[in-house]
Amino acid sequence: MASISSPIFEAVPTALPAASPERLRDSHGRAITDLRVSVTDRCNYRCVYCRTGNDGAQYSELPIADYARIIRVFISLGIEKVRLTGGEPLLRKGLVELIEEISCLDPKLDIALTTNGHLLEDLAASLHNAGLNRITVSMDAVDPEIFAGITRVPGSYDRVLRGVRAAQAAGLGPIKINAVLLRGFNDNQIEAFARFSREENVIVRFIEYMPLEESSADPNARAWTPEIVVPMDEIIARLQQFRPLVALPANHASETARRFTFDDGLGEIGIIAPVSRPFCGHCSRVRLTSDGKVRTCLFSQSDHDLLGFMRRGASDADMAAWIRDVVMHKEARHHIGEPGFLKPSRSMVHIGG
């Protein structure tokens, strides 16, 4: 793919720095191969389990060229997959150009994106043409009324459904649909999602609700409790009643979802169970926030200021060494549900999904 001539990339070499002889690893021996980059913490939805009432961005956004440089350094350390997230990444000006730029860095790089799908219909073809490989749509109901109740945006379901179908048509399929389940709120959608997977040829992934919502003084805000979580075993039992399940093998050791199809091979379901079945032992992820901080776990209590280090004049080699040191201190696991558990220092929308 041709390199970008836009001025925002003039200072960003397209050649990768020399690859390090050793893969990026933490002190627990886990290979770190997946980078999740939040390009904004702005969002056009206010989902009840995520945003408890606060509006707008809380943290700054980097120039697109800075994201490109940081991603380039991570790729030199053996990162194989870059997932662009938010907030809502499709709100970010320059996103298509960023995808086009990083797709030139390594032909084997897997570039993915997580979106709420609201703006996807008009952007799907451009994203694919820029080099995006895969897309995940956060979609917590297939009932329009329940969906609007979650997003707090009237008419949002039909728009997202058009976006999913446009992404399929653009060649970004099979699309993954992520659904966070909350007991008493949208857990009645499990069987409907099973039908949706089969009818729309998408991979539906149910996610156990984690304590990652924004803090709020509102007594009516939906706060995390163990009772709200719909655990994996319950989801499986419900799906088995819909139609017999058949387990599928993991695509790779660090895959977060347990994969299933139905007895006739039509449809695919994944279950991501960080609460009832933690998968920290195989974690391969590190995160970059929209304001240039590295986070080694969703539930980290601190950030590591890579942008500040870079702007003080660090070379790519300096940044690579700095990243290695930070990743070496990656947490062994989260502590959800344990005595003394602390919510992370940022909510999910301000970390990057």
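This is a predicted model: local features need pLDDT of at least 70, side-chain atom pairs count only at pLDDT 80 or more; totals for chains, interfaces and linings use all residues.
E5 (residues 176–181) and E6 (residues 203–208) pair in the parallel sense over 6 bridges, two strands being counted as paired if DSSP finds at least two bridges between them. Strand E4 (residues 134–138) also runs parallel to E5 and is joined to it by 3 bridges, with Asn178 of E5 as the bridge partner of Ser138. Together with helix H6 (residues 190–200), E5 and E6 make a right-handed β-α-β unit; right-handed means that, with the strands pointing away from the viewer, the path from the first strand over the helix to the second runs clockwise.

Strand E5 is largely enclosed by the rest of the structure, because 6 of its 6 residues are buried (under 20% relative accessible area, with exposed over 50% and partly exposed in between, for a 1.4 Å probe and protein chains only). In a regular strand the side chains alternate between the two faces of the sheet. In E5 both faces are covered, with Lys176, Asn178 and Val180 buried on one side and Ile177, Ala179 and Leu181 buried on the other.

Thr151, which lies in helix H4 (residues 144–151), is likewise buried, with a relative accessible area of 2%. Leaving aside residues up to four places away in sequence, Thr151 touches Tyr45, Arg46, Cys47 and Ser156, contact meaning heavy atoms within 4.5 Å.

Residues are numbered from 1 along each chain as its sequence is written. Local features need pLDDT of at least 70, side-chain atom pairs count only at pLDDT 80 or more, and totals for chains, interfaces and linings use all residues, while side-chain values use heavy atoms, with hydrogens and water left out.

Methods: Helices (H or I, at least four residues) and strands (E, at least two) are DSSP runs, numbered from the N terminus.
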